[in-house]
Amino acid sequence: MARKKLVAGNWKMNTTLGEAKSLAAAVAAGSTASAADVAVCVPYPWLIPVAESLRGSKVGLGAQNCSSHKSGAYTGEVSTGMLLEAGCRYVIVGHSERRHGLGETDAVVNAKAKAALAAGLRTIFCVGELLAEREAKQTEAVLERQIRHGLRDLPTDRLANLVVAYEPFWAIGTGKVATPEQAQEAHAFIRKEVSTLLGGTLAGSLPILYGGSVTAENAASLFARPDVDGGLVGGASLKADSFLKIVGAA
Ligand code: PEP
């Protein structure tokens, strides 16, 4: 099944306001002819000014996290409604830096995925194993657990907005990219698991992104694999030229 590719930049906790605006403007200008969908997931305080820089372009605005709650006494949190009002079309949930660095459990990620989909956001749901888990041949067991717990009880009428990102933790920000074969194997497994959980039609149309040290040099060989539908890009999304080369490879 032909799926439209998506390349999303994850700026993490980087950029000044000035850098964010000029990076967004350069990505917007360089993406006009892209066949793929393009998004940038930026720090919360830069959402509104970056929305302005992206206005009229084909680049979607995204956040890197959201609350599972609609409103109330949740100091420091940001709701999906606030993200929509700020101009977001995308949100990342369950990034491994939040799962492992900030203790987000499968249940927490599931609640966020439900909230994000219910709000109508394109929801980039991240999964991936640690190096020790891969070495212990636990990769599939970890992915199965993350998918079965993280994607349970989702709003069925909103599943067209679901995107999965396979991000092996050992590849994120390390320069150690998964081989195209490793990525393809994991993506095919994820698609099979999603098919079991949510049905074959949804699984067949689901974009599954690879993330972990994607660069302008390695993107094309990753994106050429049949189940790799684009990328979630950290470090290489902070420079317009490298990010746009990755967009061009999709
Ligand atoms: C990420 O932040 O999701 C990521 C994949 O980072 P990097 O591309 O820097 O490995």
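Helices (H or I, at least four residues) and strands (E, at least two) are DSSP runs, numbered from the N terminus. I note that this is a predicted model, in which local features need pLDDT of at least 70 and side-chain atom pairs count only at pLDDT 80 or more, while totals for chains, interfaces and linings use all residues. Residues are numbered from 1 along each chain as its sequence is written, and side-chain values use heavy atoms, with hydrogens and water left out.

I then listed the buried residues of H2 (residues 47–54), which are Leu 47, Val 50, Ala 51 and Leu 54. Seen down the axis of H2, these buried residues fall within an arc of 110°, taken from the directions from the helix axis to the C-beta atoms, so they line one face of the helix. An α-helix has 3.6 residues a turn, so residues three or four places apart point the same way. Just after H2, I noted that Gly 56 takes a positive phi of about 80°.

Last, I searched the whole structure for aromatic pairs (ring centres of Phe, Tyr or Trp, the last by its six-membered ring, within 6.5 Å; planes under 30 degrees apart stacked, over 60 edge-to-face, the rest tilted) and found one. The rings of Tyr 166 and Tyr 210 have their centres 6.3 Å apart and their planes at 55°, so the pair is tilted. Tyr 166 lies in strand S6 (residues 162–166) and Tyr 210 in strand S7 (residues 208–211), so the pair ties together parts 44 residues apart in sequence. Both Tyr 166 and Tyr 210 are buried.

Methods. Buried < 20%, exposed > 50% of the residue type's maximum accessible area, 1.4 Å probe, protein only.
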